[in-house]
Amino acid sequence: MNSAWQQITLSNLPLYQWRSASYLYRLVGCLTPWRRGSWLMQWGETLGAFLVSLVFALATFVSNDLVGVLLLASGAFWVLLTLSDEVGAGVTPIHLLVLLYWGISAVATAMSPVKAAALVGLIKLTLYLLFFVLMARVLRSPRLRSWIITIYLHVALVVSVYGLRQWIFGAAQLATWVDAESSLAKTTRVYSYLGNPNLLAAYLVPAIALSLAAIFAWRGWICKALAVVMFGVNSTCLILTFSRGGWIGLLVMFFTFLVLLFYWFSVYLPPFWRTWSLPILLGGMAGFVVLAVLFVEPVRDRVLSMFVGREDSSNNFRINVWAAVKEMIADRPILGIGPGNNAFNKVYPLYMRPRYTALSAYSVVLEVLVETGFIGLICFLWLLLVTFHQGWQQLRRLREFGSQQAFWLIAAIATLLGMLAHGAFDTVLYRPEVNTLWWFMIALIASYYTNFRQGIRE
């Protein structure tokens, strides 16, 4: 049984053997002599980290087209780094499954009924995956890892502060985000620079997790105080989005973070606290949520609206979209219609209910199914399984050494689960501001990879 689990999770995959037998991998290092003579490429890893930081610094303030250009530059630079690499290290089981998912998406594009539109989606997916491999490479350096995380947290703080300003001074609601007949119809839902409160909530889940991790990882009381401020401001701003999916994601993220944090500190706790600290923490969190629902009217109205079915206009809209999407899946269950919102927009009108136009499936699982079919969904779930397993394995290893870098790993695992919980009812995950963060979290986990069989980093 244990052997089967290791095979499924690729725990003991001999990547060094694959590298030695792969003709494609032999291209790695072909530009090594040029790199040795290049002064600029001596700073290759730092330049890669700069490109990654530039994406996170600008993604919320510039057009998606410019973000695409930055992703293209990042991907091209990764190719240059890889071809001039002296070691050729860094491939993990996560990389292999990402490559497999890309291959399935490419086949789905070739079989798509709207090939031109699906090809656009495949190009976008390729840019995100190239960004992932660059991040997984540069994040192996603890110094560059902390640098990139710090930049993202400062940008997120600016975004959150502007969101709080909207709450204090008011902001025009750019779309009907709340049922017009609801008691919350005139309540300000903050959206900051992102233009959509649900998108802002998804953007802030990683910021909250990483700022919480920074409280433990950063050294010095000034830095820790800054992390506390970031955590408080980001959390408050997310709550004020009144995004139900965002709240669900936040709770799942908190729950996961607390469980992993308890696991990390449990070896240092006396017997009493080892037994009761986790129930006390989770009970306190549950009590806080219950009190908020009972005594804060806007929170109560938003939470109760989740359970009224079609009586809420947002619920009714999603139910109608899901019904149409299920018919799309039933017609093309194996490989779907091809990746991307362009392909979705071409096919969905053939199935949609009158007056219920949509840009996506409003569920990550349904989106994967409609784009790449059940084959793509199996690969996607396999990727998640391997990613979480690798995260858990590396967390166990880091606990043995007491490394402070483990807190970033805890944040990444908790964030992925929180984003998945939010994504169960929305597809903001596919927007550049959030999708880059999704792959950031997966790359963060991949950057800790250690081959236990060899006892060295792959």
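# A helical chain, residue by residue

Student: Which backbone oxygen does the side chain of T415 reach?

Tutor: This is a predicted model, so the distance here is a computed one. T415 lies in helix α17, which covers residues 406-423. At 2.7 Å, within the 3.5 Å limit for a polar contact, its side chain meets the backbone oxygen of A411.

Student: Is T415 buried or exposed?

Tutor: Let's look at its surroundings. Setting aside neighbours within four places in sequence, T415 touches V205, P206, A209, M253 and M441. Its relative accessibility is 0%, and because the cut-off for burial is under 20%, T415 counts as buried.

Student: Which backbone nitrogen does the side chain of S243 reach?

Tutor: Happy to trace that one. S243 sits in the loop between α10 and α11, and with 0% relative accessibility it is buried. At a distance of 3.0 Å, its side chain reaches the backbone nitrogen of G246.

Student: Which residues is S243 in contact with, leaving aside its neighbours within four places in sequence?

Tutor: Contact here requires heavy atoms within 4.5 Å. With that limit, and with those sequence neighbours left out, the partners of S243 are R189, P197, N198, A201 and H422.

Student: What is the phi of F242?

Tutor: Good one to check, since most residues other than glycine have a negative phi. F242 is in the loop between α10 (221-239) and α11 (244-265), and it is buried at 5% relative accessibility. Its phi is positive although the residue is not a glycine, with a value near 55°.

Student: Where is S192, which also has a positive phi?

Tutor: S192 is not a glycine, yet its phi is about 50°. With a relative accessible area of 4%, S192 is buried. Its place is in the loop between α8 (142-169) and α9 (197-217).

Student: What is the area of the nonpolar surface patch that includes F295?

Tutor: F295 belongs to helix α12, residues 271-295, and it is exposed, with a relative accessible area of 65%. Together with V290, L291, L294 and V296, F295 makes a nonpolar patch of about 500 Å².

Student: What percentage of the accessible surface belongs to carbon and sulfur atoms?

Tutor: The total to start from is the accessible surface of the protein chain, about 20,700 Å². Of that, the part belonging to carbon and sulfur atoms is 70%.

Conventions. Residues are numbered from 1 along each chain as its sequence is written. This is a predicted model: local features need pLDDT of at least 70, side-chain atom pairs count only at pLDDT 80 or more; totals for chains, interfaces and linings use all residues. Side-chain values use heavy atoms; hydrogens and water are left out. Accessible areas come from the Shrake-Rupley method with a 1.4 Å probe; for residues, only the protein chains shown count as cover. Helices (H or I, at least four residues) and strands (E, at least two) are DSSP runs, numbered from the N terminus. Buried means under 20% relative accessible area, exposed over 50%, partly exposed in between (1.4 Å probe, protein chains only). Patches are made of residues with over 30% relative accessible area and no salt bridge: like charges are joined within 9 Å, nonpolar side chains (Val, Leu, Ile, Met, Phe, Trp, Tyr) within 5 Å. A salt bridge is a side-chain nitrogen of Lys or Arg within 4 Å of a carboxyl oxygen of Asp or Glu. A polar contact is a pair of N or O atoms within 3.5 Å; within protein, one must be able to donate a hydrogen and the other to accept it, and residues adjacent in sequence count only if both atoms are side-chain atoms.
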